Amino acid sequence: MPTTATLATLSEADRQADPNWWRQAAVYQIYPRSFADSNGDGLGDIKGITAKVPYLQTLGIDAVWLSPFYPSALADGGYDVDDYRDVDPKLGTLADFDEMAKALHEAGIKLIADIVPNHSSNRHKWFLEALASPKGSPARERYIFRDGLGENGELPPSDWDSVFGGPAWERITEPDGTPGQWYMHIFAKEQPDLNWSNREVRDDFLKTLRFWSDRGVDGFRVDVAHALTKDLTEPLLSKLELTREGQLEDGFEDGSHPFWDRDDVHDIYAEWREVFNEYDPPRTAVAEAWVHATRRARYASPEGLGQAFNFDLLQANFDAGEFREIITRNLAEAKETGASSTWVFSNHDVVRHATRYGLPQGTGKHLAKQDGKAWLLAGAPAAELDVELGLRRARAATLLMLAVPGSAYLYQGEELGLQEVADIPDSERQDPAFFRNKGVEVGRDGCRVPLPWKVEGTSFGFGDGGAHLPQPDWFSKYAVEAQDGTDNSTLELYCKALKLRRELQSGEELEWLETGSPDILHFSRPGGWQSVTNFGDSAVDLPAGTVLLSSSPLQDGKLPANSTAWLR
């Protein structure tokens, strides 16, 4: 790994060739259908991304993470994949993808592709073959088919629930027209789970990893990485038995849950690592694994995927004590495993953090604190949301995150300070979580609304046509055009912070400095720079030094409430 002294002075060529580029990268997540529309059909596309590469380069990110762009019926926003080695025709072609990858690399930006290994779509050629084949056939062995319970197999094989609501099993009609077997789907019924005990499934995904790596993909974000392997030894456990002692967030502490976070899933990732290491520099990977912190290290192992998402800050209140505990613990875990920490506040699955931070904070643990879902379900009462406070806190939190060692994951639109779009009519919603969990949650469409690029015009510059999700009028003031070059805008803050972060980049460590106040977090990084965050309600004095950047304008030289400053 480059030494502390050389990290900030690497040439762009050396930076691109560095096998450790990912350890402290700023990664920008693009949800392709909502980023930029090049042909005016209301849907973002690959050429739209290519056209915005200069914007991404100016922003100062190190890598783009591309959410699924594969052929899909969009039963789950593209996470129902029809073909793992092609581009959705509505988004472009493989030639368009190659052009985008080339443009990103010429701009010094790495490319991370989302891969969805737990399930295919029900339109995948394998699943169609399984439906047309008899019980016990090799085609059905690629998925998880079981006979039903009851006198005539009319009951599902277990009482397990799908993540999106309803049973985790769907009955098929056999080729002869009779009611038949059931297939397992942890998520939507359009997303049948693959059988990772099948060697053909494993080999085909190795082929997919090489296919995209050969096209210039530098790394992979692994969807639901903790769910691939299953133990469906009969009799299957009941829902009640799955709540036994030792239950963690998603799995058991001993790795024996039937389908969440099983120990044997890491045998798969050891094979993937062999493929990654065939390339120079080696391909990278990050696991989306919603598991307990004690179970996270194996996903981030150098012999496995190498890195795992840490959602702890995303789940925390805006609170100095919580932030310090989470940062300290995760840096220690990363050091112990040889991985690097990951930090994230927003993505395509959660309420945007500029909105979450403007809502009353809870007192519980994890997402129950204030994830915004209950507020949305209650009709998003405006009186409960302090938009200005939410944005101030979001800016402060992001500046703190960018100062912490590890890789920072940013979600498209957060650099504009975008709020969650809360008032989407039911008739316009697309998320299956809304349709399958009516009355429980409204879904994730509010963070997936197409970006505003211009102050006026059709779809605020997203494209020449409309937008596939409705954009509110207030998007105008958040548009890129409104913020570009504007002092103290959120976009300018991100640009300055990302540029400074690259210049200041140093060893993966920090030292906490005492402040005398429980509301202040102050730490130093190698190379002599510091970060101070004021979680309190009033302005505080800053330590001696030159202020490099502040998330809010200083007040008579003091750091305002809900603000972060970098100093040297």
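1. Welcome to this predicted model.

2. Next, how much of α16 is covered? Eleven of its 15 residues are buried, so described here as mostly covered. Among the buried residues are Leu 491, Leu 493, Leu 498, Leu 500 and Leu 504, and Glu 492 and Arg 501 are buried too.

3. Now look at a neighbour of this helix. The axes of α13 (residues 387–403) and α16 come within 10 Å and cross at roughly 10°. Angles under 35 degrees count as roughly parallel, and α13 and α16 are therefore roughly parallel to each other.

4. Which residues meet between the two helices? From α13 come Leu 391, Arg 395, Thr 398, Leu 399 and Leu 402; from α16 come Thr 490, Leu 493, Tyr 494, Ala 497, Leu 498 and Arg 501. By class, this contact of α13 with α16 has seven nonpolar, two polar and two charged residues.

5. Then turn to the sheet. Seven strands make up an open sheet with parallel pairing, and their order is β10-β7-β3-β2-β1-β12-β11. At its edges are β10 (284–287) and β11 (342–344), each of which pairs on one side only. On average, neighbouring strands of the sheet are turned by 25° against each other, direction ignored.

6. Strand β12 (residues 407–411) pairs with β11 in the parallel sense, over three bridges. Here Thr 342 stands opposite Ser 407 of β12.

Definitions and conventions. Residues numbered from 1 in each chain as written. Predicted model: local features only at pLDDT ≥ 70, side-chain atom pairs only at ≥ 80, totals over all residues. Heavy atoms only, no water. Pairing = 2+ DSSP bridges. Helix = DSSP H or I, 4+ residues; strand = E, 2+ residues; numbered from the N terminus. Axes fitted to C-alpha atoms, helices over the stretch in contact; angles between N-to-C directions. Buried < 20%, exposed > 50% of the residue type's maximum accessible area, 1.4 Å probe, protein only. Parallel < 35°, antiparallel > 145°, perpendicular 65-115°, else oblique. Contact = heavy atoms within 4.5 Å. Nonpolar A, V, L, I, M, F, W, Y, C, P; charged D, E, K, R; others polar.
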